[in-house]
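Dear colleague,

I am handing over the structure we spoke about, and below it you will find my notes on what turned up when I went through it. Please read them with the coordinates open beside you.

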Amino acid sequence: MSVSIIHTLRVLRPAAMIALVALIGLIVGFYANATFFPGTSPEQPINFSHRIHAGENQIPCMYCHVQARRSISAGVPSINKCMGCHLEVATESPQIRLLASYWETKEPIPWIKVHDLPDFVHFTHKRHIQADIECQTCHGPVETMDVVSREAPVKMGLCLDCHRKNEVEHGTDCWTCHK
Amino acid sequence: MNFIDRFMASWRKYRKPGYYEEFDYAWTMTIDLDRCTGCGACVTACQAENNIPIVGEKELGRGREMQWIRIERYWEGEYPNAKLSFIPMLCQHCDAAPCETVCPVSATYHNQDGLNTQIYNRCIGTRSCAVYCPYEVRYFNYYDHHWDAPLEQQLNPDVTVREKGVMEKCTFCVQRIRQAKDHAKDDGRRRVKDGEVQPACVQTCPSEAMTFGDRKDANSVVAKKMNDPRAYHVLEETNTLPSVVYLKKVSANAD
Amino acid sequence: MQTEVRQARFADVNDDVVRSLVVTGRNYYIALGIAGFVTLTCFFFPWFYQLYYGIGAAGMNSPTVWGTYLASFIFWIGLSHSGTLLSCVLHLTNSEWRKAMYRSAEAMTFFSLFVAITMVMVHIGRPWFIHWAAPYPNQMGLWPNFRSPLMFDVMAIMTYLTGSGIFIYMGAIPDFAAVRDRTTGWRHHLYVLLSLGWRGTDKEWHRLGWAYTFLAVLIIPLAVSVHSIVSWDFALSIVPGLHQTIFAPYFVVGAIYSGTAGIVTVMFVLRKYMNFEHYITKLHFDNLGKLLLLLSLLWTYINMLELFTGWFSGTSTEYEQLKYKLTGFYAPLYWEMILFCAVAPLLLISRKFRTSFVPMLILSIAINIGMYTERFLIVATTLSRQYLPGSWRVYVPSLVEISILVGSLALFVTLFLLFVKIFPSISIYEIKETMDAPKKQGDRHDT
Amino acid sequence: MSNVDRRQFLKLVGAGGVGAGAGFMLAESIKHPVEYLIPYPIPPEEFSPGIATWYNSVCGMCPAGCGISVRTREGRAKKIEGNPLHPVNQGRLCALGQAGLQSLYNPDRLTGPMLQSGERGSEEFIQTTWEESLATVAHRLAAARDGGKNIYLLSEGVRGHLAMLLERFMGGLGSEHLMHYDFAHPHALYAANQRLFGEHALPYYDIRNTRYLLSFGADYLSNWLSPVHHSLGFGHSRQGTDLDRGRFVQIEAKMSLSGAAADEWIPARPGSEGILALGLAHQILAGGSYTGSDFDDWNAALENYSADSVAERTGVAAKTIVRLASEFTKAEPGLAIGGGAVDNHSNAVDTLVAVNLLNYLVGNIGKPGGVVFNSDPVVGGPANNRQANFIAMQQLAEQARQGAIDVLIVNNTNPVFTLPHASGFREALASIPMIVSLSSFMDETTTMADVILPSHSYLESWGDDMPQPGLGFPVAAISQPVVSPLYNTRATGDIILDLAGKLGMKDSMPWDSMEACLKDGWRQIYERSSPDASDFDTFWRDVLVSGVWGEDIHRQDTVVVDKSVIDNIDVAEPEFSGDSEQYPFFLHPYMSTAMYDGRGANLPWMQELPDPMTSIVYGSWVEMNPATAKRLGLLDGDLVSIASEHGSLEAPVVIFPAIMPEVIAMPIGQGHNAFGRYARDRGVNPLQILAPITATSSGSLATHATRVSLTATGRRAPPVQTGGETRQLGRNIVQFTDAGSTPGGHSANLNSIPIVVKTT
């Protein structure tokens with residue numbers, strides 16, 4: 001009988017192979033999902049294009065997201081804000097028609113959140129805008145997007161890096177951002 | 001090695017007496033037991049402000065109450081000379097808090113406001129802080145709580161709803177402190193004015209038994225009250241250096 | 001007695017041991033089946049229910065936020081103690097009688113440690129975040145709290161687990177080799193891997209001996225430290241009844257005490273059901289009995305001391321604590337503990353008792369029941385009588401807790417049953433060392 | 001891999017596939033759930049997302065009329081706090097007031113008008129529309145009016161313009177039968193004031209500035225008249241001034257919250273408090289501090305109230321009586337109040353006259369720290385002259401039984417719960433052809449209704465209020481909607497106006513909404529008070545912002561007691577139902593802080609607010625003296641049956657150190673058999689077994705005039721308690737110091753944190 005380990009390894013190889021392949025499969029599958037179905041750019045009820053508004057027409061962010069500079073939440077513009085322009089502008093395009101239909105029925109548009117923070121996070125837009133943080137820092141180059149997608153990973157690490165870099169006062173104290 | 005050095009350095013810093021002087025505020029609450037009537041307004045105010053769940057009769061029967069401030073009652077003497085005294089018991093935000101040393105993940109620690117924090121989303125629920133706390137003011141979420149619709153519409157958006165398996169406790173209404181600081185910043189002030197921030201319990205106390213403020217500011221109401229000869233700490237012998245100061249009840253005995 | 005062992009031949013030893021591995025009776029499968037089933041239904045099922053529902057499934061309340069889970073944790077850690085520790089001590093004092101029992105003793109250590117760790121998982125509120133208690137670098141710069149006795153625990157237990165794991169494995173390498181040479185099929189391959197190509201040359205023996213002794217020396221302080229640190233989980237608090245300097249030695253003694261009792265139980269079982277009558281003899285029970293007696297006296301002393309401090313302190317907190325322990329809600333348990341752990345073991349004074357197997361078995365089980373009670377009382381009595389009388393509340397374990405307690409026992413048994421089929425559960429070569437060599441040393445493994 | 005054969009290959013492929021699938025699902029499972037962002041189609045101007053808005057209004061949870069500020073976010077009420085500008089509560093609020101949010105967001109609210117579809121009390125209703133239901137009611141009312149049948153309107157004690165609307169509405173229907181019914185209304189106190197001072201109104205008791213409060217059973221800190229205001233006064237009198245600390249004495253058979261707060265708690269035989277008061281009066285006269293012209297009359301009237309005889313009749317030691325009298329006289333100023341149990345004995349009016357007499361004799365009438373009279377409310381209907389006492393309610397029941405009532409409109413009051421079974425009220429309702437309820441909850445009375453027109457919560461509706469008792473000067477407060485209505489309900493005022501419109505009463509009630517009515521009425525205030533506001537609209541806006549209006553006008557009048565009153569001043573022995581052999585115990589039902597008269601029972605927060613004295617949550621209990629329990633061999637948590645001549649209940653025993661051995665006490669508020677999931681079938685209602693004994697000359701129900709017997713059931717049902725041990729065991733948790741001496745000991749800031757102002 002052989003005492004050497006080599007023989008045993010040879011015997012075990014097929015099983016090992018299978019295990020290995022399965023592992024590789026796992027990893028591939030995981031990242032395949034993460035890359036091909038990231039869910040960072042959801043289908044919106046109206047495919048509003050930030051590229052056209054913020055990019056080509058150079059409309060400043062705060063023109064529509066008025067709340068951002070004085071409230072914790074940036075807020076989305078109300079329909080009558082949209083209609084303010086779109087009673088004249090591009091009234092014939094199908095998407096604007098869709099918008100108008102919402103306007104007639106006075107129904108709110110169920111936008112889908114792209115940048116969503118957990119309930120236990122306290123984030124105030126007001127402070128960050130007063131600190132002259134570019135919207136793009138967290139929201140990515142929105143003005144270039146037709147469909148908004150979450151570019152930067154809005155995770156605790158992102159916040160902390162920035163807070164450390166800018167030496168925010170007590171910027172790394174848990175209760176600065178957590179509630 | 002370098003890591004060890006850094007660790008020891010911060011350790012020594014922490015152990016240095018007066019460590020908390022370097023902090024911005026030292027939020028303090030004083031409770032005048034001579035004024036307290038035990039009415040329980042503070043309890044409900046706290047429950048309303050901090051999204052404290054409705055536990056239900058069954059679970060309360062099993063001793064899972066969640067109210068962050070409770071009124072303890074103690075009898076002295078027998079009929080007809082029986083006397084009842086009340087003492088509101090809430091997190092004392094100790095400067096030498098036993099709970100802070102024991103938490104393995106630092107979910108509870110002392111922040112720059114002299115507050116004893118509780119970071120719900122960091123908590124892993126060993127519950128050792130509750131064991132170490134001599135005041136029994138830490139409450140554990142034994143399961144996910146729910147509110148019968150539409151009661152959930154009342155929930156305070158500035159305070160999160162705690163998930164099952166986390167410890168929670170009085171925060172001195174940190175959301176209000178945060179807001180007060182926010183206002184101060186807007187007005188270009190460096191510090192919050194005395195009396196600008198009041199936790200829900202203090203705000204509602206009908207007999208004005210409670211006051212709240214920063215004891216670093218010598219002119220603040222709390223600083224004055226702390227110099228009252230009636231001032232004392234509950235369980236002083238444990239040397240936890242609480243931030244809640246009680247004023248002794250005056251016993252005006254009939255002669 | 002020794003003479004019995006003498007009658008066994010070298011060949012018999014191998015035969016016996018290999019048989020214990022290869023030949024499997026129906027009873028074994030039945031036992032394994034039952035144990036496995038109980039583990040599944042009484043441990044995993046309630047645990048998953050608790051994960052889904054929350055710790056509320058257990059009977060804990062405020063202020064008694066710790067319960068049987070933690071008691072079990074200490075219990076299993078305690079049980080883990082004697083195993084390796086004893087084996088190390090005896091190895092260093094190279095006492096002959098150790099050799100028949102140490103393998104199973106060490107196995108006990110290893111598995112009870114394993115169960116202890118699962119008890120931690122059961123205990124905490126959000127086990128899915130348990131990794132936060134491990135220091136690993138991350139983008140947030142978050143670290144665990146190194147001031148926390150619980151962190152000390154994590155490290156101590158992990159170290160102990162690794163240490164005793166290596167120790168038991170290393171001691172078994174020659175036996176793997178021996179078994180390897182007598183088995184075929186998958187077993188052969190398995191033991192080829194396990195024995196790491198052991199050939200039994202003098203060089204290898206030299207290395208092994210050296211490393212083995214080295215580890216033995218290393219593990220003794222480790223074992224002592226582990227339970228001291230576990231005791232700090234309690235003693236570093238300021239809870240009256242827990243905040244005591246005696247706790248570290250108290251826990252260590254208690255641990256070794258229950259552990260030794262555990263060994264007696266296990267050895268009885270091995271002896272009876274794996275036909276090791278030749279190797280595990282009255283001698284072992286006699287010696288272990290003496291050890292038990294010594295430990296029980298120590299334990300009793302410390303217990304009395306605890307009562308004394310309670311009374312002597314004169315503070316209301318400590319005094320109420322004491323009163324509650326002796327006369328309160330949990331008093332029956334307390335007296336049961338005293339009976340099992342302090343009174344009953346006095347029987348060990350008689351040599352006749354020590355050398356009779358069944359009574360020893362019963363006693364050892366009784367002691368461990370008592371020791372579990374002790375752990376339970378440490379948690380329950382103290383936490384339900386703390387500083388503020390207004391928040392006093394008693395705690396009664398829920399069905400889930402009890403079932404998980406039973407389940408954890410079953411889990412331990414299951415693991416052990418699997419172990420005895422893979423590991424030579426008594427050390428072949430060291431047994432042989434206790435025999436007269438039929439030939440000269442060099443070729444002892446050519447059998 | 002040279003030697004991979006087919007099977008091996010397939011295995012590999014399979015393994016890879018399985019692995020990939022698992023990985024995919026794993027990634028899927030940790031994905032964030034979709035959340036929506038729903039903006040307003042047209043943004044309301046008054047608030048913006050993420051920023052809190054505060055509205056000032058009036059609390060509707062009890063008759064005290066505190067001012068509240070409600071914090072709203074995204075159009076939802078989040079927190080109620082006291083309105084700092086309101087003189088009654090000055091920014092403070094009680095537990096019940098805090099819980100108002102849960103009456104707004106209560107899961108058991110009625111969501112729209114309903115018609116009875118099954119048996120009376122079967123709680124089978126069908127949803128209907130406002131048009132239909134209002135039409136039904138209006139038609140029925142018109143028919144009754146034209147047919148000369150009786151229409152009754154039974155309302156909670158409303159004030160201000162709603163009261164006025166109800167007056168006019170019933171006037172328009174040609175009906176005299178407008179009744180306000182509040183269980184807690186102190187009828188006897190009104191009657192007593194009427195007799196002694198010639199005023200059928202509540203004076204203002206200035207606890208804030210008194211140095212010595214003699215409270216005869218009045219639980220002024222938890223539910224008597226205006227608890228929050230009293231608490232403020234209490235705190236201020238205790239520690240808020242540089243004067244020496246105010247002293248508080250409580251005289252009652254069972255220690256109440258106020259008793260616990262008092263410096264001295266003196267148990268007196270139930271119903272004998274008045275005799276004690278007269279005894280004190282006797283001592284005061286003897287002390288010679290009183291120098292009024294009618295001194296001799298008083299002396300004559302009180303001659304047979306010597307300390308010893310009073311001591312013998314009340315069970316209070318003679319020397320205590322003498323001491324109290326001298327302390328009370330010396331105090332500058334002292335104040336005597338009476339209520340609670342004292343207000344609810346058969347001799348209540350005599351007793352309260354005697355209590356008020358003490359104030360008169362030490363001459364604190366109209367003085368700060370004494371008794372200050374109020375002027376009439378500035379606008380709206382007159383307050384509390386419509387309050388129905390027990391006799392009136394019994395008459396209503398009688399009328400009903402005789403079929404003399406055609407329509408009964410019930411507005412937010414629940415007599416079926418608060419009246420004893422012996423009154424036969426519930427049964428009487430059954431014989432009323434048409435009952436309309438305006439309640440917003442399915443309470444016991446509403447279950448008897450044929451038509452339910454659910455009203456708004458007070459946080460959704462317009463209204464105004466003149467707090468009762470006033471504060472010695474005119475105060476009026478506006479309550480405004482702080483959230484848009486949750487359900488298809490309407491404000492009580494609007495419902496009345498709608499009906500009025502349908503019944504052609506436009507001339508007397510020309511407004512098309514409560515808001516318009518208010519605006520109209522408040523013009524009077526604007527005119528009379530000539531504020532700095534340039535025009536009414538600015539004034540109105542200011543009032544809405546501040547939520548309250550007040551005027552610094554104080555009455556200056558001296559009281560002279562009529563000779564006839566003096567001559568037959570006396571306190572009769574109280575009357576009790578049941579003989580002392582068969583029913584050895586006095587039943588002492590008391591309102592608990594959280595439940596009030598039972599209206600708190602459907603609010604989870606109130607159910608979970610531990611009762612301060614016993615720390616019990618959810619459910620009822622019966623308190624008894626340790627000696628009594630010992631004698632009956634009862635332990636904490638034993639279930640006993642409490643029987644009176646008019647029924648029996650079962651409740652667990654709670655041993656209570658501060659209650660007279662012959663008295664047992666039970667909290668009111670639990671024991672609902674309707675009123676939503678939190679209240680229903682929980683605990684028992686002691687009011688149900690009371691004897692229908694009324695107080696002489698006030699006609700109110702003497703709730704403390706029932707004797708009961710106790711029998712152990714042998715079962716145990718320990719109540720749910722949040723507290724444990726009730727003794728300190730010498731641990732100095734609550735620490736004491738003597739009144740006079742300035743205690744040494746350490747001062748709390750001797751810790752590691754020196755008090756330094758951080759240089760910024």
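In chain D, three strands make up an open sheet in the order 18-19-20, with antiparallel pairing, and please keep in mind throughout that this is a predicted model. The edges of the sheet are strand 18 (463–465) and strand 20 (548–550) of chain D, each of which pairs on one side only, and the twist from one strand to the next averages 20°. Strand 19 (residues 475–479) of chain D is joined to strand 20 of chain D by three bridges in the antiparallel sense, and within this pairing D:A477 stands opposite D:V548. The loop between strand 18 and strand 19 of chain D holds D:P469, and the peptide bond that links D:Q468 to D:P469 is cis, with omega about -5°.

Turning to the contact between chains D and B, 76 residues from chain D and 80 residues from chain B take part. Several elements of chain D give two or more residues to its side of this contact, among them strand 4 (76–82), helix 8 (257–261) and strand 27 (736–738), while the largest share, seven residues, comes from helix 7 of chain D. By class, the chain D side that touches chain B is made up of 38 nonpolar, 23 polar and 15 charged residues. Strand pairing also crosses between the two chains, in that strand 9 (residues 249–251) of chain B pairs with strand 27 of chain D in the parallel sense over three bridges, with B:V250 opposite D:T737.

Within chain B, strand 2 (residues 70–76) and strand 3 (residues 83–89) run antiparallel and are joined by seven bridges, B:R70 standing opposite B:M89. These two strands of chain B form a hairpin with six residues between them, and B:G77 in the turn has a positive phi of about 70°. Strand 2 of chain B is mostly covered, since five of its seven residues are buried.

Helix 11 (residues 307–314) of chain D deserves a look of its own. Which of its residues are buried? They are D:A307, D:V310 and D:T314, and because they fall within an arc of 70° when seen down the axis of helix 11 of chain D, they line one face of the helix. These buried residues pack against helix 9 (273–287) and helix 12 (318–330) of chain D, whereas the face turned away from the buried side carries the exposed residues D:D308 and D:E312. Helix 11 of chain D is followed by D:G315, whose phi is positive, near 80°.

Finally, two residues other than glycine have a positive phi. Phi is near 50° for C:L196, which is found in the loop between helix 7 (185–194) and helix 8 (202–235) of chain C, and about 75° for D:F675, in the loop between strand 25 (663–668) and strand 26 (707–716) of chain D. Are these residues buried or exposed? C:L196 has 13 other C-beta atoms within 10 Å and is therefore partly exposed, whereas D:F675, with 24 other C-beta atoms within 10 Å, is buried.

With best wishes

How values were computed: Residues are numbered from 1 along each chain as its sequence is written. Chains are lettered from A and ligands numbered from 1 in the order in which they are written. This is a predicted model: local features need pLDDT of at least 70, side-chain atom pairs count only at pLDDT 80 or more; totals for chains, interfaces and linings use all residues. Two residues are in contact if their C-beta atoms, placed from the backbone, lie within 7 Å. Helices (H or I, at least four residues) and strands (E, at least two) are DSSP runs, numbered from the N terminus. Ala, Val, Leu, Ile, Met, Phe, Trp, Tyr, Cys and Pro count as nonpolar, Asp, Glu, Lys and Arg as charged, and the others, Gly among them, as polar. Two strands pair if DSSP finds at least two bridges between them. A residue is buried if 20 or more other C-beta atoms lie within 10 Å of its own, exposed if 12 or fewer, and partly exposed in between; C-beta atoms are placed from the backbone. Axes are lines fitted to C-alpha atoms, for helices over the stretch in contact, and angles run from 0 to 180 degrees between N-to-C directions. The arc is that of the directions from the helix axis to the C-beta atoms.
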